[in-house]
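Have a go at each one before you read its solution.

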Amino acid sequence: MTTVNRQVRLAKRPVGRPDDSTWEITSEPIPEPSDGEFTVKVDYVSLDPAMRGWLDDVKSYVPPVAIGEVMRTHAVGRVVASKNAKFPEGQLVSGQFGVQEYALSDGRGALAVDESLAPAPTWLGALGFPGMTAYFGLTDVGRLEKGDTVLISGAAGAVGSIAGQIAKLKGATVIGVAGGPEKCAWLTEDLGFDAAIDYKSESVGKALRAAAPDGIDIYFDNVGGEILDAALARLRKNARVALCGAISGYNATDPQPGPSRYLSLLVNRASMTGFIVFDYLDRFPEGMEAMSEWIRAGEIVTREQVETGGVEAFGRTLNLLFDGANTGKLVLKIS
Ligand SMILES: NC(=O)c1ccc[n+]([C@@H]2O[C@H](COP(=O)([O-])OP(=O)(O)OC[C@H]3O[C@@H](n4cnc5c(N)ncnc54)[C@H](OP(=O)(O)O)[C@@H]3O)[C@@H](O)[C@H]2O)c1
């Protein structure tokens, strides 16, 4: 049995898109648990667009990852040694274990994973932060109501694909924006979206006028940029924009222009609210219960794209998000 733990550490802060020089692979002995701790053998790590922001030395909702620090991420793995009765050896757990093969945890923020409900990677997707982001972003920030017309960008991704399905389950008309015909077909044929707009081959503004002639009540924004402007131009009175993310600008080296159609918020007495899923931690039991029920009943399609290659593949796998090369939740198999 190996005694070595290989890890991905931040070597250098990237300017623009991260590349090989951003990361360093290091090795150290597998950590041994002290009282109250356990050691996890990491099976899968989560790849998230937000990771790009954590690499910049700027004030944000969490401190930046420090140079030399193991890259922060949520992961799922199995307990291989334990001095914590809540997490015995053999238990599958999720937690913020970092991009490494083995992690030490004191149990804070860790969750025992119920493999009978869904396989391990789903606990980083629909049953993890992306699923909770979709749930609270729509129901709380978007104040979703039956009969609403909802527009979702990044619709074929981890958050967007779940958000669209929740909106359908709650009686909304749902339009997704995604890149490419395969993603758009998946949205309408497999996930039940009412319409899908391929922003790479058609004008979002024009397609949106056709798909939502009376405008939209909610825009769940995952991408920012020009698609945000097209959405603002179609708001209805009292519309809500849930500002979840703006991936179109995450690797930009110049300041990004603000939305030029923002006066639509005034004209339509609309609101645009940014949110961070971590602020809903105390309400996660509510979101997890709803999501578990939908999964159990087969009412939500969950999809993960599992990449292989272990820690060495982390850098190139992360960049798949910025290339739009993932459908559903992107995860990397570590062991
Ligand atoms: N506020 C929060 O607490 C919170 C929590 C989790 C995630 N988020 C945000 O939610 C968004 C989605 O995250 P996710 O984990 O679900 O990622 P994801 O949607 O699974 O993956 C990213 C997707 O973004 C799209 N994309 C990339 N570059 C783009 C561009 N220039 N213009 C338009 N679309 C682009 C790509 O899809 P296409 O092929 O369709 O282009 C890509 O597949 C991100 O902005 C993320 O930061 C926020």
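**Exercise 1.** How far is an oxygen atom of the ligand from an N or O atom in the side chain of Y199?

*Solution.* Before we start, a word on the model: it is predicted, so local features need pLDDT of at least 70 and side-chain atom pairs count only at pLDDT 80 or more, while totals for chains, interfaces and linings use all residues. Residues are numbered from 1 along each chain as its sequence is written, and side-chain values use heavy atoms, with hydrogens and water left out.

Step 1: look at the side chain of Y199, where an N or O atom sits 2.4 Å from a ligand oxygen. That's a polar contact (a pair of N or O atoms within 3.5 Å).

Step 2: now the backbone, where an N or O atom of V159 lies 2.8 Å from a ligand oxygen.

Step 3: check the cover. The ligand taken alone exposes 910 Å², and the protein buries 90% of that (accessible areas come from the Shrake-Rupley method with a 1.4 Å probe).

**Exercise 2.** Is I166 buried or exposed?

*Solution.* Step 1: find I166 in helix α3, residues 158-169 (helices are DSSP runs of H or I, at least four residues, numbered from the N terminus).

Step 1: read its relative accessibility. I166 counts as buried because the value is 0% (buried means under 20% relative accessible area, exposed over 50%, partly exposed in between, with a 1.4 Å probe and protein chains only).

Step 2: list its contacts (heavy atoms within 4.5 Å). Leaving aside neighbours within four places in sequence, I166 meets A134, Y135, L138, L144, M291, W294 and I300.

**Exercise 3.** Which residues does G164 touch, not counting those up to four places away in sequence?

*Solution.* Step 1: go back to helix α3, where G164 has its place.

Step 1: G164 has 0% relative accessibility, so it counts as buried.

Step 2: with those sequence neighbours left out, G164 touches I152, V174 and F193.

**Exercise 4.** What does S292 touch, not counting residues up to four places away in sequence?

*Solution.* Step 1: S292 lies in helix α8, which covers residues 284-296.

Step 1: S292 counts as buried because its relative accessibility is 11%.

Step 2: apart from residues up to four places away, S292 touches L117 and L127.

Note on methods
Helix = DSSP H or I, 4+ residues; strand = E, 2+ residues; numbered from the N terminus. Polar contact = N/O pair within 3.5 Å; in protein donor to acceptor, adjacent residues only side chain to side chain.
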